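Welcome, and please open your viewer. We will go from one selection to the next and look at what sits there.

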Amino acid sequence: MLMSQITIILPDNSTKVFDHEPTALEVAMSIGPRLAKETLGAKLNGSTEISDLRTVLKDQTKVALVTTKSPESVEVVRHSCAHIMAQAIQDIWPEVKVTIGPVIDNGFYYDFDSPFAFTEEHFEKIEKKMTEIVSKDLPIHRENWPIQKAIETFKGMNERFKVELIEDLAKKGETTVGIYFNGTSWFDLCRGPHIQSTGQIKAFKLLSVAGAYWRGDEKNAQLQRVYATAFNDKKDLETYLHNIEEAKKRDHRKLGKELGMFYFNELAPGSPFFTGKGATVYNSLQTYLRELYFETGYQEVITPQIFDVNLFHTSGHYQNYKENMFFTKVDERDFASKPMNCPSHCLLYNSEKYSYRDLPIKMADFGRLHRYEKSGAMHGLTRVRTFCQDDAHIFCRMDQLQEEIAKFMNLLNRVYDKLGMGNYKIFLSTRPDNRMGSEEYWDMAEGALAEALKSLNLPFELNPGDGAFYGPKLDIMFVDALNRPWQLGTLQVDPNLPQAFDLKYTGEDNKEHRPVMLHRAILGSLERFIGVYLEHTAGHLPPWMMPVQVAILNVTDRVNGFCEELQNSLKGHSVRVEFDRRNEKLNYKIREAQLQKIPYMIIVGDKEAESRTVSLRLRDGSEHKGLTVDQVMNLITTDIKTRSLQSSLAKSATTN
């Protein structure tokens with residue numbers, strides 16, 4: 001019996017017709033041999049998920065091929081390279097057992113159950129074997145095995161972790177599993193996608209090894225996690241490896257220690273101590289934001305840190321966020337530290353009555369928040385247990401929603417521009433599986449965010465299922481100087497908490513109405529932001545933010561009187577200045593000031609003291625001689641007052 005014609009639809013709406021259900025690779029082959037050679041996968045029917053090139057396509061399937069030139073193709077390459085790494089390790093050490101090997105940001109890892117400890121000394125041997133596998137250009141093919149066959153096969157290989165995974169799939173109702181072969185002998189349980197052959201791997205590198213628990217549970221077996229990466233060409237790999245080395249130099253934990261800004265103590269895990277210098281950076285950011293709040297109609301409020309847990313039952317945090325909270329008992333009552341400000345702002349809103357003329361109500365709060373992070377997840381300032389956000393909530397009418405979303409995005413763009421953070425991406429995160437509220441509410445909230453972004457002509461990507469449990473959100477992903485994404489700002493449309501707390505306002509019709517609540521942050525956690533920003537700037541914070549803005553360096557003690565006069569004058573203009581009067585050589589003092597990233601170095605010798613001029617050295621190494629005191633004073637104070645990213649002299653020098 002002949003099968004009717006199968007029509008496949010291409011991105012330009014042209015079609016390819018087959019007398020059978022083709023694979024994605026067959027579609028590529030029908031277009032041309034070169035395209036077929038470069039094809040690594042496909043996106044089907046508008047999905048963002050990459051399907052395997054061996055996927056059999058039904059009639060009227062819309063196909064967008066993923067080739068070596070596609071930005072997302074590196075995911076498929078890394079997925080396959082993880083298998084090649086596992087094959088290489090088992091070729092060298094057959095006693096090692098494999099578990100899972102997913103793709104992660106910028107690379108992949110594979111967890112191994114090994115009788116010996118892997119070290120980086122093993123990497124050269126593993127990479128050599130991987131190169132050998134790649135050079136053989138082994139064909140990669142998939143077989144679908146019945147569950148029982150897969151269990152019996154992996155049991156016979158003593159691969160107990162694979163058996164456990166397959167048994168779990170069986171409990172979920174799966175009857176077959178995907179098995180991918182590299183060549184004819186080595187195979188692994190996997191759903192794909194994978195490339196055509198091992199020879200399509202062009203560049204890879206093993207990076208590090210760490211401990212891990214099977215399925216992330218410390219009660220389970222301890223495994224060894226080998227991290228690695230792969231790219232479509234060697235240049236991309238070289239750039240990435242260069243950025244890794246640069247990232248080590250920029251590590252905010254290293255910079256924080258060198259600049260004396262913060263430290264940690266085991267008696268308060270995950271809770272940073274900010275020194276006087278670090279607090280200056282912290283407070284400078286808050287001062288800037290407070291000025292903007294005053295200008296844009298926010299009222300700063302202060303709310304408690306500990307509440308009866310009934311508050312969090314009402315807000316839904318207890319049901320949906322309990323594992324991330326700290327609890328205690330006082331006077332036989334259960335209390336919890338607040339992980340977010342939103343419930344307390346709902347209480348504050350309900351303490352007064354509002355009419356439609358009063359809205360929007362904008363509450364900003366720099367209160368401390370506490371969230372439980374597992375000890376293994378904490379990382380310097382970027383993952384802590386106690387922190388403060390530039391957090392605010394906007395209670396508005398439905399007809400004000402689009403305007404308030406636009407105002408927030410404009411404010412965020414203004415702040416990011418001031419901080420030199422123009423490279424960011426916007427993701428619209430939609431309803432998660434674990435959520436509160438009706439589908440009607442979620443439809444409205446998601447639609448409002450999408451509509452606002454489109455009207456502002458702001459490009460965005462969908463991030464399905466990653467919204468908060470109470471509402472969809474915009475995640476602002478800042479891309480730093482090393483091309484790394486960081487989630488900082490956020491905007492969340494929430495119709496659910498106003499419902500839970502029975503928030504009301506009196507409308508123009510004298511009837512009660514429900515406000516909509518916007519949760520928003522521009523920098524996010526200040527702790528996290530400072531860590532990210534230190535790495536982005538390599539510690540060269542803008543002059544207005546630096547703990548020490550000016551260092552006065554004397555050449556000889558004979559000029560100390562003039563130096564002290566300069567110091568007092570700068571202090572009178574609220575400039576943070578230090579006079580380095582140590583009996584050291586000038587070059588030593590300059591080097592010390594540069595290591596502290598001090599933006600301005602005023603150098604004074606006999607000639608300068610006599611003529612009442614100075615030599616101004618910037619941290620970029622440029623030097624500007626013969627400046628009058630008034631010129632230097634005006635330059636420095638203007639840079640700080642206008643919150644310039646760098647000295648105006650440095651800008652003009654760059655321009656010229």
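Start by selecting I602: setting aside neighbours within four places in sequence, I602 is in contact (heavy atoms within 4.5 Å) with V550, A551, I552, L553, L566, L570, V614, S615, L616, V632 and I636. A note before moving on: this is a predicted model, where local features need pLDDT of at least 70, side-chain atom pairs count only at pLDDT 80 or more, and totals for chains, interfaces and linings use all residues. Residues are numbered from 1 along each chain as its sequence is written, and side-chain values use heavy atoms, with hydrogens and water left out.

Together with I602, they have the most contacts inside the largest nonpolar core, which has 83 residues. Such a core is a set of buried (under 20% relative accessible area, 1.4 Å probe, protein chains only) Ala, Val, Leu, Ile, Met, Phe, Trp, Tyr and Cys residues joined through side-chain atoms within 4.5 Å. Helix α13, residues 401-418, gives the most to this core, with eight residues. Apart from it lies another core of 37 residues, including I50, V77, A86 and L138.

Now show helices α17 (residues 560-572) and α20 (residues 629-641), which pack at an angle of about 35° with axes 11 Å apart. Helices here are DSSP runs (H or I, at least four residues), numbered from the N terminus; axes are lines fitted to C-alpha atoms over the stretch in contact, and angles run from 0 to 180 degrees between N-to-C directions. Where do they touch? F562, L566, S569 and L570 in α17 meet V629, M633 and I636 in α20.

Key: Buried < 20%, exposed > 50% of the residue type's maximum accessible area, 1.4 Å probe, protein only. Helix = DSSP H or I, 4+ residues; strand = E, 2+ residues; numbered from the N terminus.
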